[in-house]
Amino acid sequence: MSPVSGRRRLGRALQPLIGVALLIGLWSFAHATRLVDPVLLPSPLEAWSAFWSGLTTGNLWVDFRVTIIRTAASFAIAMVLAVPIGIVLGSSEKIYRSIEFTIDFFRSTPASAMFPLFLVMFGVGERTKIAVAAFGAALAILFNVAYGVMNARKQRQLAAKVMGASPLRVLADVTIWESLPQTFVGMRTGVSIALVIVIVAEMFIGSTDGLGQRIMNAQMIFDMPQMYAAIFAAGALGYALNLLFILAERRFVHWGGK
Amino acid sequence: MARLKLLPGGATAPDAPGTVTAEAEKDRFRAFPKGTHITVRGLTKRFEGSTLYDGFDLDIPKGKIVSVFGPNGCGKSTLINMISGILPYDAGEILFDGKDVRETRIGYVFQNYREAVFPWLKAIDNIRYPLKFLKLSRAEADARVDALLASFDVKIDLARYPYQLSGGQQQLVSIMRALVVEPEVLFLDEPFSALDYEMTLFLRDRLQKVLVERKVTTLLVSHDLDEAVELADEVLLLTKKPTRVAARIAYDAPRPRTADTTLTEDFIRVKSESLEIFLREVRK
Ligand SMILES: Nc1ncnc2c1ncn2[C@@H]1O[C@H](COP(=O)(O)OP(=O)(O)OP(=O)(O)O)[C@@H](O)[C@H]1O
Ligand SMILES: [Mg+2]
C-alpha cells in the first residue's frame with residue numbers, strides 16, 4: 001500500500017466523524033452561550049458521563065437489556081409468522097391478489113393505533129408490548145418476503161424445472177434464494193419498526209422498565225443528562241441493529257449486486 | 001448425402017402413440033423415419049391472437065446434432081422451449097422415443113448464463129445440482145462429475161462462486177451442469193452469443209467433442225451460420241411466421257471439425273445452400 005492511498009483511506013475512514021464533531025461542537029456552543037436553558041440542555045460531557053456511569057455503575061444497562069429482549073422477542077415472533085406466510089402469498093398470484101389490499105391497508109395503519117385493541121386482548125403487560133411490536137414488524141416482513149418471492153427472476157426457476165425439480169423444490173432451491181435480498185429489506189424495516197413500537201409501548205403502557213420508560217421518567221423528574229443518556233442508548237441500539245442486519249445480509253447474500 | 005428425408009412414407013413405427021380418430025391423421029402420427037428420437041406433431045402455438053406455429057411437424061434424429069437457423073423472431077427459442085417443456089403449447093404432441101418430456105432426461109443451456117447459474121452455489125455445486133434428482137450414490141455422482149470435468153479438461157477453480165468467474169467460465173459451468181445428468185436430449189439456445197470469440201471457439205470445440213463422445217441428441221439454436229454448420233449433422237432452416245420448416249440440409253463431414261473444416265468445399269457448399277434458403281425466406 002503506497003503512503004498516498006494509505007492516507008486517503010485513513011481520511012475516508014475519519015470522514016463520518018466530521019458530522020459527529022460538528023454536532024458536538026454545535027451542542028457545546030449552544031450550551032456555553034446559554035442559547036438553550038442549561039437545565040434543558042446539559043453539556044455533551046454531562047450527558048456522556050450520565051450514559052457511561054449509567055452503563056457501568058447505574059441501571060441503564062438493565063433497561064437497555066429489557067428493551068433489547070422485547071425487541072428481539074417481537075422480531076422473532078414476527079419472523080416465524082411472516083416468513084412462511086409471505087412465501088405462500090408470494091408463490092400464489094391468486095392468493096396474493098385477493099389479500100394484497102388487506103395487507104396493504106394494515107401496513108399503512110400506524111401500529112400504535114392498535115395499542116387499545118391489543119390492550120383489550122392481552123391486558124396491560126409484557127404481552128401487549130411484544131404483540132403490537134410483532135404485529136407491526138410482521139406486516140413489513142410479510143410484504144417484503146411476498147414481494148421478493150413474487151418478483152423472483154423466472155429464468156433460474158425454469159433452469160431448475162427443466163433439470164427435473166418439482167414446484168416445491170424450485171421454491172426451496174431457487175425462489176427463496178432469489179427473494180433473500182428483498183427479505184433482508186423486510187427484516188431491516190421490521191426490526192426498526194419493532195424497536196420504535198417497543199420504546200413507545202414502554203413510555204405509555206404501564207412499564208416499570210425499558211429505555212422508553214427510562215426516558216419518560218428522566219423527563220418527568222427533569223434529570224436531563226439521564227434523559228439524553230437514555231435517548232442516546234436507544235439511538236445506539238437502533239443503529240447497531242441496522243448494522244447487524246447489513247452485515248448479516250452481506251454474509252448471507254454474498255452474491256447480491258454482482 | 002441426405003441421410004434424412006422428410007417423413008418418408010414407408011417408415012412406420014410399430015407402436016406409434018396417439019389416439020387420433022381419422023385414419024389419415026393416424027398415419028401422420030405413425031410415420032417417422034428410423035432412428036428418430038423426438039417427434040413433434042401438430043404443434044400449435046399462439047401469442048395474443050397471432051399464430052406462431054400451426055400444425056407444425058418435425059422429427060429429430062437420435063444422437064445427432066441439429067442446428068436450428070432462421071430469421072429473427074421466427075420462433076427458434078419458442079420451438080426449443082416447447083420441446084424441452086419450459087413453455088406450454090396450445091395443441092399438438094411432442095414425444096421422445098414415445099415418452100413424455102417429464103420421463104426424459106433433459107439438459108438445457110440458456111443464452112443468458114448470468115441468470116441461469118445459481119450464484120448462491122459454488123461452481124462445483126452448480127454442476128452437481130441436477131444430480132440430486134437422479135437416484136445416484138455419492139460415489140456414482142462424484143464419478144460422473146469427475147468424468148465430465150476430465151472430458152472438458154477444466155482448468156478453473158470450481159470452489160469459486162459464479163460471479164467470481166468470467167462469462168465464458170460461467171457458461172462452461174452451465175454447459176457442464178446440463179451434461180452431468182447424461183441427458184438424452186440437450187438444448188442450447190444461442191449459448192455462445194454473449195461470449196468473446198476466443199472463448200466461443202474454445203467452448204464450441206469442447207462441446208463438440210463431448211457431444212460426439214456421448215452421442216447426445218442435440219438441438220442447437222444459433223444465429224451464426226458458420227457455427228450452425230460446423231457443429232451440425234443437420235441444419236434445420238425455419239421460415240418467417242407462421243413458422244414452418246424451410247429446409248433440412250445434412251452435413252456429414254468427419255469429426256472433430258476444426259477451423260480448417262470451414263475451409264472445405266463441402267462446408268462452403270452446405271453453408272451457401274443454407275444461406276440461399278435463409279435469404280429467400282427473409283425476403284419473402
Ligand atoms: N411471451 C410472449 N408473448 C408474446 N409474443 C411472444 C412471446 N414470446 C415470443 N413471442 C413472439 O414470438 C415470436 C418468436 O419468438 P422467439 O423468441 O421464439 O424467436 P427467436 O426465433 O428465438 O428470435 P431471436 O432470433 O430474436 O432469438 C416473436 O415474434 C415474439 O415476438
Ligand atoms: Mg431466441
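Helices are DSSP runs of H or I with at least four residues, numbered from the N terminus. In those terms, A:R34 sits in the loop between α2 (16-32) and α3 (44-56) of chain A. The model is predicted.

**Ligand 1 and its shell**

- The shell around ligand 1 is made up of B:F47, B:E48, B:L52, B:N72, B:G73, B:C74, B:G75, B:K76, B:S77, B:T78, B:E190 and B:K241.
- Helix α2 (residues 76-83) of chain B supplies the largest share of the shell, with 3 residues.
- Backbone contacts to oxygen atoms of ligand 1 include a distance of 2.9 Å from a backbone N or O atom of B:G75 and one of 2.8 Å from a polar backbone atom of B:K76.
- The side chain of B:T78 also takes part, with an N or O atom 2.4 Å from an oxygen atom of the ligand.
- Ligand 1 taken alone exposes 630 Å², of which the protein buries 60%.

**Domains and surface of chain A**

- Chain A is divided into domain 1, spanning 3-39, and domain 2, spanning 47-252.
- The centres of these two domains, taken over C-alpha atoms, are separated by 31 Å.
- A nonpolar surface patch is formed by A:F29, A:L35, A:V36, A:V39, A:L40 and A:F222, which together have about 590 Å² of accessible area.

**Salt bridges**

- Over all chains, the whole structure contains 32 salt bridges.
- One of them pairs B:D142 with B:R128, whose closest N and O atoms are 3.9 Å apart.
- B:D142 lies in helix α4 (residues 138-152) of chain B and B:R128 in helix α3 (residues 123-128) of chain B, so this pair ties together parts that are 14 residues apart in sequence.

**Backbone features**

- The peptide bond from B:K241 to B:P242 is cis, with omega near -15°; B:K241 is also one of the residues around ligand 1.
- B:P242 is located in the loop between β8 (234-238) and β9 (245-250) of chain B.
- The peptide bond from B:R255 to B:P256 is likewise cis, with omega near 0°.
- B:P256 falls in the loop between β9 and α8 (265-283) of chain B.
- In chain A, the residue A:R34 has a positive phi near 55° although it is not glycine.

Terms used:
Residues numbered from 1 in each chain as written. Chains lettered and ligands numbered in written order. Predicted model: local features only at pLDDT ≥ 70, side-chain atom pairs only at ≥ 80, totals over all residues. Heavy atoms only, no water. Patch = residues over 30% accessible without salt bridge, like charges linked within 9 Å, V, L, I, M, F, W, Y side chains within 5 Å. Areas by Shrake-Rupley, 256 points an atom, 1.4 Å probe, with all protein chains shown as cover. Salt bridge = Lys/Arg side-chain N within 4 Å of Asp/Glu carboxyl O. Near = heavy atom within 4 Å. Polar contact = N/O pair within 3.5 Å; in protein donor to acceptor, adjacent residues only side chain to side chain. Helix = DSSP H or I, 4+ residues; strand = E, 2+ residues; numbered from the N terminus. Domains from an automatic or database assignment.
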